[in-house]
Amino acid sequence: MFAIVLVLIGRTIAIYVSLAPLKGFLEKWKVIINWGGLKGSLSIALALSLPHSFSGRENILVLTFSVVLFSLLFQGLTLNLIIKKMTLAPCEERTKPH
């Protein structure tokens, strides 16, 4: 759980710092970019590339796969809800009955 929180904090800092110079960039879009940062393939590839003799390799693999799984399942499945809550979805999608 700590690894997930740490990744989310790191991603938030990176996004807000890198977008700070852009004037007029909507706060809503920063939230969407932050929450939708579903990146995992590079992390998994790097973790798997560690030599088997590397001390702590198994721990790194478990942490990496856990963070990526959380990102894909929880963040990925809730992204649409966040977009709708922030009224960023097209009008016809927001007005459709569920």
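Helices and strands are taken here as DSSP runs, a helix having at least four residues and a strand at least two, numbered from the N terminus. On that basis, the protein, which is a predicted model, contains five helices and zero strands. Read from the N terminus on, its elements follow the order α-α-α-α-α.

**Overall composition**

The protein has 98 residues, of which 24% count as buried. When contacts between residues at least 6 apart in sequence are considered, 57% of them join residues at least 24 apart.

**Helix packing**

Two packed helices are described by the angle between their axes and the distance between the axes.

| Helix pair | Residues | Angle between axes | Distance between axes |
|---|---|---|---|
| α1 and α2 | 2-19 and 27-35 | about 140 degrees | 10 Å |
| α1 and α4 | 2-19 and 57-85 | about 65 degrees | 9 Å |
| α3 and α4 | 41-48 and 57-85 | about 170 degrees | 9 Å |

*α1 with α2.* Helix α1 and helix α2 pack at an angle of about 140 degrees. Angles over 145 degrees count as roughly antiparallel and those from 65 to 115 as roughly perpendicular, so the arrangement of α1 and α2 is oblique. The crossing in which α1 passes α2 is right-handed. On the α1 side, the contact is formed by L8, R11, T12, I15, Y16 and L19, and on the α2 side by E27, K30, V31, I33 and N34. Sorted by class, the contact of α1 with α2 comprises six nonpolar, two polar and three charged residues.

*α1 with α4.* Helix α1 also packs against helix α4, here at an angle of about 65 degrees and with the axes 9 Å apart. That angle makes α1 roughly perpendicular to α4. The crossing of α1 and α4 is right-handed. From α1, the residues A3, I4, V7, L8 and R11 meet L63, S66, V67, F70, S71 and Q75 of α4. The contact of α1 with α4 divides into seven nonpolar residues, three polar and one charged.

*α3 with α4.* Helix α3 and helix α4 pack with their axes 9 Å apart, at an angle of about 170 degrees. The two helices, α3 and α4, are therefore roughly antiparallel to each other. Their contact is made by S43, I44, A47 and L48 from α3, together with R57, I60, L61, T64, F65 and V68 from α4. By class, the contact of α3 with α4 holds seven nonpolar, two polar and one charged residues.

**Individual residues**

Leaving aside neighbours within four places in sequence, N34 is in contact with L8, R11, T12, I15 and Q75.

T12 has its place in helix α1. With a relative accessibility of 27%, T12 counts as partly exposed. The C-alpha atoms of T12 and I33 are 9.2 Å apart, although the two residues are 21 residues apart in sequence.

L72 is found in helix α4. Its relative accessibility of 48% places L72 in the partly exposed class. L72 and G36 stand 36 residues apart along the chain, with their C-alpha atoms separated by 9.2 Å.

Notes
Residues are numbered from 1 along each chain as its sequence is written. This is a predicted model: local features need pLDDT of at least 70, side-chain atom pairs count only at pLDDT 80 or more; totals for chains, interfaces and linings use all residues. Side-chain values use heavy atoms; hydrogens and water are left out. Axes are lines fitted to C-alpha atoms, for helices over the stretch in contact, and angles run from 0 to 180 degrees between N-to-C directions. Angles under 35 degrees count as roughly parallel, over 145 as roughly antiparallel, 65 to 115 as roughly perpendicular and the rest as oblique. A crossing is left-handed if the near helix is turned anticlockwise from the far one by less than a right angle, and right-handed if clockwise. Contact means heavy atoms within 4.5 Å. Ala, Val, Leu, Ile, Met, Phe, Trp, Tyr, Cys and Pro count as nonpolar, Asp, Glu, Lys and Arg as charged, and the others, Gly among them, as polar. Buried means under 20% relative accessible area, exposed over 50%, partly exposed in between (1.4 Å probe, protein chains only).
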